[in-house]
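Good morning, colleagues. Please look at the sequence and the structure as I bring them up.

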Amino acid sequence: MGADEKFSNKADELKGRAKEALGDATDNEQWQAEGRAERAKADIKQAGEKVKDAFRSDK
């Protein structure tokens, strides 16, 4: 996994966490849901990259 991809995925995760926290603070259900969705998307990307890395390191 390239450093740029790691940074981008982590930034997406943090953005989702911030949006979810803002939704919690303001009681905005839409922002809460969007934040959870963005975090989940980032988590899936990170997991996919880890799988790729595992196959690359076996060679």
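Let me begin with a question: does R39 count as buried, partly exposed or exposed, and at what relative accessibility? R39 counts as partly exposed, because its relative accessibility is 25%. Here buried means under 20% relative accessible area, exposed means over 50%, and partly exposed lies in between, with a 1.4 Å probe and protein chains only.

A word on the basis of these values. This is a predicted model, in which local features need pLDDT of at least 70 and side-chain atom pairs count only at pLDDT 80 or more, while totals for chains, interfaces and linings use all residues. Residues are numbered from 1 along each chain as its sequence is written, and side-chain values use heavy atoms, with hydrogens and water left out.

I turn to the salt bridges, of which the structure holds nine. The term denotes a side-chain nitrogen of Lys or Arg within 4 Å of a carboxyl oxygen of Asp or Glu. R39 is the partner of E20 in one of them, and their closest N and O atoms are 2.4 Å apart. E20 belongs to helix α1 and R39 to helix α2, so this pair ties together parts that are 19 residues apart in sequence.

K19 counts as partly exposed, at 25% relative accessibility.

R56 and D53 form a salt bridge whose closest N and O atoms are 3.6 Å apart. Both residues lie in helix α2, three residues apart, about one turn of the helix. R56 is exposed, with a relative accessible area of 53%, whereas D53 is partly exposed at 24%.

Finally, E49 is placed in helix α2, residues 29–57. E49 counts as buried, because its relative accessibility is 10%. Its side chain makes a polar contact (a pair of N or O atoms within 3.5 Å; within protein, one must be able to donate a hydrogen and the other to accept it, and residues adjacent in sequence count only if both atoms are side-chain atoms) with the side chain of K52, at 3.2 Å.

Notes:
Helices (H or I, at least four residues) and strands (E, at least two) are DSSP runs, numbered from the N terminus.
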